[in-house]
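Here is a short report on pockets and on one residue position. Please read it alongside the model.

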Amino acid sequence: MEQPLLDIRGLQTQFFTDDGIARAVDGVSYSLERGETVGVVGESGCGKSVTALSILRLIPDPPGKIVDGEIVFEGTNLLTLSPAEMRRIRGNDISMIFQEPMTSLNPVFTIGNQIAEAVRLHQGLSKKEALNKAVEMLTLVGIPVPERRVHEYPHQLSGGMRQRAMIAMALSCNPKVLIADEPTTALDVTIEAQILDLMRNLQHELGTAIIMITHDLGVIAEIARKVVVMYAGKIVEQAPVEQLFAEPNHPYTQGLLQSLPRVDKDAVGTKSRLQEIPGIVPSLLNLPQGCKFASRCPKVMPICEEEEPSLDQVAPQHYSACWLNH
C-alpha cells in the first residue's frame, strides 16, 4: 500500500504554564492521503488548531512544546528538520489558511505584496513575475478586478474577499497539503458556500490534500471524505464521513449530531428545542482520570471514570474510544 502523504503518529503537544501543564494534544494519530480531505471537528479548545500548528511547527516555545510523536510528510519526520529546512516546507509544500484573515494579513502591505512575497521566497520569481502570479491567483479564487485588488490593503476588502485572498496566498506555491482552520467562520452562508465550492474546485484542479478544521458538521458533510472527532486533546472517533453521520458510535459524536438544527422536526412545540450536551469541557490543566467525556456522558458506567478507553476498530475504517464497545 502507498504510504500516506502526511502521517501524524502519537503527537503530544503541551503548554507549560504557571498553573501547570496543559495537555493540548494528547497522543493524536491520523493520516492524510494525496488529494484527500480530512475533516477535524470538536468544540473550542479540543486541540484541533494546536494539532495543525504542530504540523507546521508554529507552536510558540515557550510555553508550548511538542513533547512526543512523529509528523511524517512524504517519508520525512518534520520534527527532525532544522528551522531552515522547515521554512522551505512551510508555505511551499504545506500551507495554512488561518482562522481570522484580518489578523493574519499584514495591514501595512498590499494584498499583492503579501502573495508575491511567498512566491518570490519559495519559487525564485522576479518582483514583476511574482506580482503577475498574485493577479493570477486572485483571478483563480474569483476576486473581481484582480489587477486593481493587488494594489489594495486588507482593510479595503470585505470579509469574504479577505478570506479568498488568504486562500490565494496559501495556494500560490501549489502546496501538496492545505490546512484550513475554520475557513468559513464569520462569513455569511452564501459566502461560506462559495468558499467551500472554491476549495473543492481548486482541490480538483490542483490535487491538493486538505485538512479542514471546523466545529461545523455541515461543512464537514459537504467537503470531507474522512472525519476525525476530537475531545479534550484526544481523538474519540474516526470514520468515513457517510458512516459517521449514519452510525455515530461515540456518545460525544452522537451529541454533536443531535445538537444540529433539523428541518424535519416540528417548527413549533417541544420538538423544536435543540438538543445540547450538558456540562463543559474539562480543563486541560486538570484532566479527569478515565474517559475525558465521562462527566458529560448520558451512558456513563463506573469503568469510564476509572480507566481511559483505547481507540478501537468498531467497523471497517471506523474507530471509536468508548467502553461501550468492549
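## Largest pocket

This is a predicted model. Its largest pocket holds about 840 Å³ of space. The lining counts 32 residues. Closest to the pocket centre are Gln114, Glu117, Ala118, Leu121 and Met169.

Which helix gives the most to this lining? Helix 4 does, with nine residues. Helix 4 spans 111–123. At least two lining residues also come from each of helix 2 (83–89), strand 6 (94–97), helix 5 (127–140) and helix 7 (159–171). By class, the lining of the largest pocket has 15 nonpolar residues, 10 polar ones and seven charged ones.

## Second largest pocket

The second largest pocket holds about 340 Å³. It is lined by 16 residues, and those closest to its centre are Ser31, Lys226, Gln238, Gln317 and Tyr319.

Strand 2 (20–32) and strand 10 (234–240) each supply at least two residues of this lining.

## Glutamine 99

Glutamine 99 sits in the loop between strand 6 and helix 3 (101–104). Is glutamine 99 buried, partly exposed or exposed? Its relative accessibility is 37%, so glutamine 99 counts as partly exposed. The cut-offs are under 20% for buried and over 50% for exposed.

Beyond neighbours within four places in sequence, glutamine 99 is in contact with Ser49, Gln163, Asp181 and Glu182. Leucine 217 lies 118 residues from glutamine 99 along the chain, and their C-alpha atoms are separated by 17 Å.

Note on methods:
Residues numbered from 1 in each chain as written. Predicted model: local features only at pLDDT ≥ 70, side-chain atom pairs only at ≥ 80, totals over all residues. Heavy atoms only, no water. 1 Å grid on protein atoms, 1.4 Å probe; cavity = no way out; pocket = protein on both sides within 12 Å on 5 of 7 lines; lining within 4 Å. Points joined across faces, edges and corners; volume = space filled by probe spheres on them. Helix = DSSP H or I, 4+ residues; strand = E, 2+ residues; numbered from the N terminus. Nonpolar A, V, L, I, M, F, W, Y, C, P; charged D, E, K, R; others polar. Buried < 20%, exposed > 50% of the residue type's maximum accessible area, 1.4 Å probe, protein only. Contact = heavy atoms within 4.5 Å.
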